[in-house]
Amino acid sequence: MVLNSDEKQRYFRQLILAQFGEEAQLRLKKAKVFIVGAGGLGGPVSFYLAAAGVGHIIICDRDVVELSNLNRQILHGTSDINCSKADSAKNTLTELNPGITIETHKVTIDDKNISDYATGVDIIIDCLDNVPTRLMINKFAVNANIPIMHAGIDSWTAQLTLIKPGLTPCLQCLFNTYEEAEGPKPVIGAMAGVTGTVQALETLKYLSGVGETLENKLAYFDSLNMEWAKIPIFKNEDCMVCK
Ligand SMILES: [Zn+2]
């Protein structure tokens, strides 16, 4: 596999990065990723992965675009209201980069259909907004030995980590005692933008083999005080999923 002349132009500014180059770009071109959720996090994640040239992007979302999504969900515009998020995502991302494969599905992921979409991918990107679905995906990924790039937002704070089955804690280890509040979750769009963009960057680093990843570390962002922390995390020895 080589880069064609369009790709050399499109990705020129990242190809000239000292730590990147053609080898890293080819790794992105060969990569297949599964983004779960086309909402606040899935928007910037899919946008920057498509822009960077990740070769095959799979997105699942059954929802339609609502007016209240538009404070943060940058894949969709006002004219997309009441249209499928999967279709809107495909249109936006194809317009951005027609040279990659963007596969969208109007489905809600559950424990019965996840293997249809996630089998054989290089990484699952957790752009969800609820813990039960995260734990379902975690169980599949640990059994199938697929890494998860996790991010989550709680109002003005966010967390990110890279799950590598067998080598790091899993999401069940992290969310063992988590209690979720009911109802719509408060969020300002730029917070989803910052978090999703870092999630995209960490995914690109992992796929291209450039830099340090967030294995066994939780990046924690407190936006009200503009503070980032990197906290060591450990397996729960009693974890029922990754023990
Ligand atoms: Zn675990």
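User: Which residue forms a salt bridge with E23?

Analyst: In this predicted model, the partner of E23 is R27, and their closest N and O atoms are 2.8 Å apart.

User: Where do E23 and R27 sit in the chain?

Analyst: Both belong to helix α3, which covers residues 21-30. They are 4 residues apart there, so about one helical turn separates them.

User: Is E23 buried or exposed?

Analyst: E23 counts as exposed because its relative accessibility is 56%, and the cut-off for exposed is over 50%.

User: And what about R27?

Analyst: R27 counts as partly exposed, at 35% relative accessibility.

User: How many salt bridges does the count come to?

Analyst: The count comes to 7 salt bridges. Among them is one between the side chains of D126 and R134, at 2.7 Å from N to O.

User: Are D126 and R134 buried or exposed?

Analyst: D126 and R134 are both buried.

User: OK, what does K164 pair with?

Analyst: K164 forms a salt bridge with E215, with 2.8 Å between the closest N and O atoms. This pair links distant parts of the chain, 51 residues apart. K164 is in the loop between β6 (157-163) and α8, while E215 is in the loop between α9 (189-208) and β7 (217-222).

User: Is K164 buried or exposed?

Analyst: K164 is buried, with a relative accessible area of 18%. The limit for buried is under 20%, so K164 falls within that class. E215, at 25% relative accessibility, counts as partly exposed.

User: Changing topic: which residues are the protein donors of the zinc ion?

Analyst: Four cysteines supply SG atoms: C170, C173, C239 and C242. These atoms lie 2.2 to 2.3 Å from the zinc ion.

User: How are the donor residues spaced in sequence?

Analyst: The spacing is C-x2-C-x65-C-x2-C.

User: Are C173 and C242 buried or exposed?

Analyst: C173 and C242 are both buried.

User: What is the geometry of the zinc site?

Analyst: The site is tetrahedral, with angles of 98 to 121° among the 4 donor atoms. Four donors count as tetrahedral if all angles lie between 85 and 135 degrees, so this site qualifies.

User: What would the ideal angle be for four tetrahedral donors?

Analyst: The ideal is 109.5 degrees.

Definitions and conventions:
Residues are numbered from 1 along each chain as its sequence is written. This is a predicted model: local features need pLDDT of at least 70, side-chain atom pairs count only at pLDDT 80 or more; totals for chains, interfaces and linings use all residues. Side-chain values use heavy atoms; hydrogens and water are left out. Donors are N, O and S atoms within 2.8 Å of the metal (3.2 Å for Na, K and Ca); water is not among the atoms, so sites may look incomplete. Four donors count as tetrahedral if all angles lie between 85 and 135 degrees; four count as square planar and six as octahedral if opposite donors are over 155 degrees apart and all others between 65 and 115; anything else is irregular. Buried means under 20% relative accessible area, exposed over 50%, partly exposed in between (1.4 Å probe, protein chains only). A salt bridge is a side-chain nitrogen of Lys or Arg within 4 Å of a carboxyl oxygen of Asp or Glu. Helices (H or I, at least four residues) and strands (E, at least two) are DSSP runs, numbered from the N terminus.
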